[in-house]
Structure formats: structure tokens, C-alpha cells
Amino acid sequence: MDKIGIYAVPFVIMFIVVFGAVKKVDLFESFRQGAKDGIGSLISVAPSLIGLVLAVNMLDASGFFDIICSLLSPVCSAVGIPQEVLPLGLIRPVSGSGSYAVLSSILEKYGPDSLIGKTASVMAGSTETTFYAIAVYYGAAGIRKTRYTVPAAIAADLCGIITAVITVRSF
Amino acid sequence: MLGYIWLFMISASVVCAFMTGRMDNLASAVTEGADKGVKLIISMAGVMCLWTGIMNIAEKSGLTKIISHILSPVLSRIMPDYRPDSKALQAVSANITANILGLGNAATPLGITAMKEMQKNNRLGDKPNSSMIMFVVINTASVQLIPASAAALRQAAGSTDPYVILPYVWISSLCALSIGVAAAMICSRLSGRRKRNG
């Protein structure tokens, strides 16, 4: 299973570059433009990321995460989610840069290639900032009631978290 | 919103450190934290730029249009309020394609366009119709080919292989997507039935 990820990346890159060459795209200029946009969006999230990494670092040093984790550990063990990834599950639906900050602190603490580190990475990769997305999209369209959007989206998120735990543990 | 979260995080950490007697840890965490934020951005930059660059080639070569074309008939089945060739569904499939390829900057404006187009033919006024809900639920499931930011954070933390998570992310987000779509369909049926009875 681990081999798939290692093979996928070079092949995806090669496929896109070759496809671009066939379609006569100015390859390097397109890459340069895209990478420039990447730098641009990193710089635009930088201030909030710094603020949130600071706050997460403070929470971690204060022992807050340990308290929350041990309080919620009965719930976690009932569902089978390692308690160390809980802070990520809590912040993920509301803030993208906040979840970057929490994920980075988890990876640093337990190691990116540990079971906990892998589970947290998969969780972050397979869920979204649900409440943020709902607010932005409905806000833009002038929708005020959400009907069953939140329960359906939460069902999807929970499923993503549980599958992350199960797949990482079993393969 | 983020302001309140931030306020909560900072006050909770001070109260917590005071009660557990970890004030000196907290003080060093403050200086260290700001420094870590900058380091994190710098160490993420390479991987992030690699993918925004590669995916820009995908966009320029028309690959996104092809994927979007393949998706739209599938989408019109789960968003029956709109025709596959409508402006609304075209924006929806362009948004979902951008999400799959990790073109985050393009995805949000496309999603907003999609929502506005869908709202034009929405008979429920300020309530979303079932297709609009379906669209938002699909967006929250985050189906993406390369989870670039998670990979960048793993790289920054010194992972021996940042991309090892790929297949797990694919499986998890597909499961999340199917459950989300199923839940939205079930709720849509239930609310339709309730309306007919009442």
C-alpha cells in the first residue's frame, strides 16, 4: 500500500508534463506562473498561520491538549480513534490554517511516520473546513437556512476520520 | 469567527498553564511559537509551489476541462434540479475538478459562481434546494488527487516519505464522499416526504 503513494507522485507529474507538451503548452512558463501563485497564497496565509501556530504552541505547552485528550479518551476509545489526533478533529471543520498548525504540532511531537502522525495526516488530507465552506458558499448565494446540510456534511467528515484511522492501522 | 477561536486558545492556555504550574513552559512557548510559524511556512513552500506549478500546467493544457466534461453527466444525476449543460452545473463541475487537482485558488471563486447560478433557479428562496446541499456536501468531503498541504507539512516535519499517505487519503475521502452523498440523498427524500404529508 505504501508503494502506491511513492509511485503515484512521479507518474502524476510525468503525465501532466507530457500531456502539456503534447498540447503545446509553454511548460516551464506555466510551471513558473503556478509556483508563483503558490508563493502568493502561502504569503497570504502566513500572518494567520503564524498567529495560529503561536496559539497552538501555547496550548500544547500549557498541557491543554493533554487534559482535553484524557477527558475525551473514553469517547475516542469507543469509536477507535487515537486520542492524540483529537485536537485536529476539533479544529479541522472550522479553520484551515488552524488545522495546519495543529497537524504540524502533532507531526513534530509524535513523528510524521508514526501511526499517529500518519493517521493525523490522512485525516487532514481527507476532510475539509466544513463550517467555513458552508458559511462562504451559502453566504455568497444569500442562503440563510441550511436545512440538513450540517448533519450530512458532519456524517461525511466523521466517516473520513474513521476511515483514516482504520486504513492506516490495517495496511 | 477565527478571532473567537484565537481568544479561546490563548486564554485557555494561560489558565491551563497557571493551574498546572507550567507558566515557564508557556513563556518559552510564546517566543518559540512565532518563530515556528515562520519556519513552517518556509519549509512548506517548496512542496506547495511544486504542486501549484504542476497543476497550472494541467489547467493550461486543458486537462481540467476534460475532467470537468467527464464529471458533469455524473453530477447532473445527483443534482437533478439542473441540466448537465446549464451554467450552474458547468461551474459546479469546474469547481469539483479544481478541488480534485488541488487548485485551491481557483476552486473557491468557481464554487461561489456555482452557488450563485444555482440560486437563480432556486424556488425555495433563502433555503438551499437539494442540489445546492449536495454541492456543499461534496465540497466538504475534499476529494483530491494530491493532498499537497498535508504532504508539505509532513516534509516540513522531516518525514522519510511525505507521500506515503496518498492511497489512504484517496480511500478515506472517497468513503467520506459516498457517505455524504448518501446522507444528503436520504435527507432529501425524507424532507420531500414530510412536505407531501404536511
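Tutor: Helices here are DSSP runs of H or I with at least four residues, numbered from the N terminus, and the model to which we apply this is a predicted one.

Student: Which helix is A:Thr149 found in?

Tutor: A:Thr149 belongs to helix α8 of chain A, a helix that spans 149-170 and is among those supplying at least two residues of the side of chain A that touches chain B.

Student: Why is A:Thr149 called buried?

Tutor: A residue counts as buried if 20 or more other C-beta atoms lie within 10 Å of its own; A:Thr149 has 25 other C-beta atoms within 10 Å, and therefore it is buried.

Student: What does A:Thr149 touch, not counting residues up to four places away in sequence?

Tutor: Contact requires C-beta atoms within 7 Å, and on that basis A:Thr149 touches A:Ile134 in its own chain, together with B:Pro128, B:Ile133, B:Val136 and B:Val137 from chain B.

Student: What makes B:Val137 stand out in the largest nonpolar core?

Tutor: That core has 113 residues, and B:Val137 is named with A:Ala156 as having the most contacts inside it. The largest share of the core, 14 residues, comes from helix α2 (residues 23-60) of chain B. B:Val137 itself touches residues of both chains, including A:Thr149, A:Ala156 and B:Val181.

Student: How many residues does each chain bring to the contact?

Tutor: Chain A brings 88 residues and chain B brings 87 residues; on the side of chain A that touches chain B, α2(A) gives the most, with 24 residues, and by class that side has 51 nonpolar, 25 polar and twelve charged residues.

How values were computed. Residues are numbered from 1 along each chain as its sequence is written. Chains are lettered from A and ligands numbered from 1 in the order in which they are written. This is a predicted model: local features need pLDDT of at least 70, side-chain atom pairs count only at pLDDT 80 or more; totals for chains, interfaces and linings use all residues. Two residues are in contact if their C-beta atoms, placed from the backbone, lie within 7 Å. Ala, Val, Leu, Ile, Met, Phe, Trp, Tyr, Cys and Pro count as nonpolar, Asp, Glu, Lys and Arg as charged, and the others, Gly among them, as polar. A residue is buried if 20 or more other C-beta atoms lie within 10 Å of its own, exposed if 12 or fewer, and partly exposed in between; C-beta atoms are placed from the backbone. A nonpolar core is a set of buried Ala, Val, Leu, Ile, Met, Phe, Trp, Tyr and Cys residues joined through C-beta atoms within 7 Å.
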